[in-house]
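Here are my notes on the model, as numbered points. Please read them with the coordinates open.

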Amino acid sequence: MAYVAIADRDHEQHLHDPQSFVTKYIWSQDHKVIAIQYSLTAIAVGLVALVLSLAMRLQLGFPDTFSFITPDEYYQAITMHGMIMVVYLLTALLLGGFGNYLIPLMVGARDMVFPYMNMLSYWVYLLSVLVLCASFFVSGGPTGAGWTLYPPQSILAGTPGIGGGIVLMLVSLALFIVAFTMGGLNYVTTVLQARCRGMTMMRMPLSVWGIFTATILGLLAFPALLVSAIMLLLDAVVGTSFFMPALLSMGEESEHTGGSPILFQHLFWFFGHPEVYIVALPAFGVISDLVSVHARKNIFGYRMMVWAILSIGVISFVVWAHHMYVSGMNPYFGFFFATTTLIIAIPTALKVYNWVLTLWRGNIHLTVPMLFVIGFIFTFINGGITGLFLGNVAVDMPLSDTYFVIGHFHMVMGVSPILVIFGSIYHWYPKITGRMLDDRLGRLHFWCTLFGTYAIYLPMHYLGILGLPRRYYAMGDTAFIPDSAQAMNAGISIAALFVAVSQLIFLFNLFWSRKHGKPSGGNPWKATSLEWQTPQTPPVHGNWGPELPVVYRWAYDYSVPGAAQDYIPQTMAPEDVPTEQGSDYDGREGEHD
Amino acid sequence: MSLLDRLMAKPWEHAGEMDGMHGGNTVGRPPGKTGLYILLAVITSFFLLFSVSHQMRATYPDWKAVAEPSILWGNTVALILASVFLQWSANAARKNRLTVMRNTLLLAAGLSLAFMAGQWLAWREMLAAGFYAQGNPAYAFFYLFTAVHALHLLGGLWFVGRAVRTTLSSPEDEVLHARISLCATYWHFLLGVWALLFYLLLSS
């Protein structure tokens with residue numbers, strides 16, 4: 001039977017062709033528009049979180065100078081900064097933004113398989129963001145329970161935001177999970193069911209593998225957050241005792257009867273640790289593609305990379321309790337989780353080796369995306385190695401409540417994915433808009449961001465080893481903290497301000513280049529993967545014109561010996577590949593392995 | 001080709017070759033069914049985590065066993081019958097027996113509504129006996145389990161309602177037949193979930 005792509009089968013055609021401005025740009029079912037909606041919303045709410053972090057840094061760096069932030073507001077800022085950055089920015093941008101834009105284009109589909117549900121996914125996500133932001137305006141303000149929302153203190157008197165704040169946070173999280181599930185069903189089903197002809201699983205770019213696996217992790221891990229959010233909400237509103245123990249609060253006996261706060265911690269981290277990889281795996285995939293394109297070399301160990309992504313995905317479900325070493329767990333339990341934590345470092349390290357080996361003797365183009373790739377590799381190694389410290393029970397115990405954890409966490413989960421996101425935007429912006437981002441501004445942005453973030457987070461490791469406790473509003477006259485530590489804290493705050501201001505360069509570039517950037521053409525990086533082979537740039541609704549593409553090869557045919565040009569698009573049939581004079585290359589097999 | 005074989009492929013070799021089996025999809029079923037199976041995996045994770053929480057919480061000394069209302073047995077029978085009738089409806093749709101399809105679909109919808117009403121009566125019985133959610137975690141889990149399960153059933157009923165409406169206007173629609181089959185799968189799954197939750201409630 002002749003092959004008919006799913007998107008082209010009878011009733012699937014013209015199901016959601018936009019008819020007006022509203023259906024094209026607002027209630028849009030086009031994956032590209034939804035991707036941009038997700039991205040802009042995530043970046044906007046991320047900027048709110050950035051401002052909150054500056055308020056915290058000003059307080060920490062200059063505790064006796066500023067009076068605009070009270071201890072309560074400090075904890076509210078910590079909580080909202082953490083939750084927004086991890087869930088509402090990184091998860092939403094990497095999966096809702098990049099996942100939506102890249103999956104159909106990279107696998108040769110016209111759109112997601114359930115476009116209506118995809119549209120709903122964005123609007124429910126937006127609703128979750130609005131509900132979260134509404135907590136800034138309710139009596140008592142947003143919750144100040146810390147981003148992990150640990151009971152009992154998250155709903156006890158004395159914690160800021162125990163009225164509307166915590167309720168809105170939990171409702172917002174539930175809405176986010178509903179939105180993510182609708183989007184996630186689309187991403188996974190599209191990858192499994194809507195690839196174009198010739199696009200076997202092992203011909204998919206690693207970006208797709210990363211997003212695909214991260215989505216599966218999210219679909220299985222987010223229910224843990226939903227379960228804990230529902231039960232905590234009932235403890236807070238109805239007065240049940242799922243997590244809330246019997247206790248004396250402010251001198252009065254509480255109405256709760258012996259719940260288990262540790263149960264909440266287990267549920268939270270059963271979500272929380274896979275969440276690290278929900279963010280990291282798409283970043284790993286994207287970096288693999290960027291490093292290959294800009295080093296003009298096939299990715300080293302493609303199959304190993306796929307297996308590493310899958311292995312990390314599986315192992316990430318059995319490491320969660322390494323976040324709970326200080327909860328008083330059984331030492332054997334700690335030993336188990338320390339072991340699995342060290343095991344997961346193996347596939348992760350393999351990926352790092354393979355990126356470095358891809359660079360080895362590559363034709364490295366130091367473009368702006370490549371700068372961000374190299375910055376990411378350095379930063380991820382940095383954050384990964386300090387992760388080995390914290391993965392060990394005996395080392396984690398004294399470091400757990402110090403600035404060392406903040407330094408590690410932000411290196412691996414903050415700076416690393418943000419560098420990937422910036423690199424990706426510089427890389428794919430020409431496809432999205434048809435124009436290049438300004439190169440000089442991009443380089444300036446890169447160096448300011450890289451040096452600035454290192455000036456923030458490297459000293460935190462030192463402060464942590466010194467014993468500087470995290471979560472404190474002000475250190476006061478603590479005897480073991482020398483004056484030099486306070487001076488370093490002030491320096492960190494100045495660096496944080498510098499990094500925040502540097503992002504204005506990026507924002508300016510983003511909007512200025514939209515109109516004034518150099519026209520990019522369809523494939524400015526001479527890349528092989530499908531998204532660069534669309535008939536129009538930016539791709540129009542339906543992506544491919546009348547005919548879906550046919551794929552003849554993997555996505556990494558760069559610098560193939562005997563080929564006349566240094567890249568062979570996935571859509572190029574062997575007989576069409578131009579070869580060098582005198583070469584016996586037939587367009588079929590490169591000397592890749 | 002098995003999944004393992006696919007993942008062992010060396011994509012850098014044999015450019016230009018098609019594997020002869022690849023038609024854009026990895027698994028040989030419609031996207032709607034794949035989407036449903038993935039959704040069921042998500043819901044499984046959701047209910048398993050609730051179950052684990054229940055089992056952990058039940059080990060604490062303040063836990064009081066509760067005698068569940070006997071109406072839950074009748075509700076369970078209603079849900080079993082709803083599941084059977086939905087499968088009957090799906091089979092009839094496949095054989096193009098449209099009247100049977102419509103009648104069994106209506107019966108399934110009615111039995112599902114009866115199940116929901118029965119659950120509501122069970123709630124009233126618990127409340128009348130003074131078993132409030134804040135009184136004990138065992139009671140709280142009763143309300144939690146039944147409410148969350150009912151919400152999932154309610155979501156399914158929305159799709160069944162749409163299917164019922166289509167059976168009245170265009171019963172020969174193939175998309176309708178596929179949807180009834182998906183609804184049947186979802187109902188079997190929710191029956192399994194209810195069996196697990198009911199067992200947990202009875203056993204603690």
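What share of the contacts in chain B with a separation of 6 or more comes from residues 24 or more positions apart? The share is 76%, where two residues are in contact if their C-beta atoms, placed from the backbone, lie within 7 Å.

1. Basis. This is a predicted model, in which local features need pLDDT of at least 70 and side-chain atom pairs count only at pLDDT 80 or more, while totals for chains, interfaces and linings use all residues. Residues are numbered from 1 along each chain as its sequence is written, and chains are lettered from A and ligands numbered from 1 in the order in which they are written.

2. Chain B. The secondary structure is six helices and zero strands; helices (H or I, at least four residues) and strands (E, at least two) are DSSP runs, numbered from the N terminus. With a radius of gyration of 22 Å, well over the 17 Å that the globule rule gives for 204 residues, chain B is more spread out than a compact globule. That radius is taken over C-alpha atoms, and the rule is 2.2 Å times the number of residues to the power 0.38. The C-alpha atoms of chain B fill a box of roughly 70 × 45 × 20 Å along the principal axes. Buried residues make up 36% of chain B; a residue is buried if 20 or more other C-beta atoms lie within 10 Å of its own, exposed if 12 or fewer, and partly exposed in between, with C-beta atoms placed from the backbone.

3. Chain A. There are 14 helices and two strands here. The radius of gyration of chain A is 25 Å, close to the 25 Å from the globule rule for 593 residues, so chain A is as compact as a globular protein of that length. Buried residues account for 55% of chain A.

4. Core. The largest nonpolar core has 229 residues, of which Y88(A), V107(A), V208(A) and I287(A) touch the most other members. Such a core is a set of buried Ala, Val, Leu, Ile, Met, Phe, Trp, Tyr and Cys residues joined through C-beta atoms within 7 Å. Helix α3 (residues 71-107) of chain A gives the largest share, 24 residues. Beyond its neighbours within four places in sequence, Y88(A) is in contact with A42(A), V45(A), V129(A), L132(A) and F176(A).

5. Interface. The contact between the chains takes 55 residues from chain A and 39 residues from chain B. On the side of chain A, α6(A) gives the largest share, eight residues.

6. Helix pair in chain B. Helices α2 (residues 31-57) and α6 (residues 174-203) of chain B pack at about 10°, with axes 11 Å apart. Axes are lines fitted to C-alpha atoms, for helices over the stretch in contact, and angles run from 0 to 180 degrees between N-to-C directions. The pair is therefore roughly parallel, a term for angles under 35 degrees.

7. Backbone checks. Most residues other than glycine have a negative phi, and most peptide bonds are trans. The bond from P151(A) to P152(A) is cis, with omega near 5°, and P152(A) lies in the loop between α4 (115-134) and α5 of chain A. L149(A), in the loop between α4 and α5, has phi near 55° and is buried, with 23 other C-beta atoms within 10 Å. R471(A) has phi near 75° but is exposed, with 11 other C-beta atoms within 10 Å. A cis bond also joins T537(A) and P538(A), with omega about -5°.

Definitions and conventions
Parallel < 35°, antiparallel > 145°, perpendicular 65-115°, else oblique.
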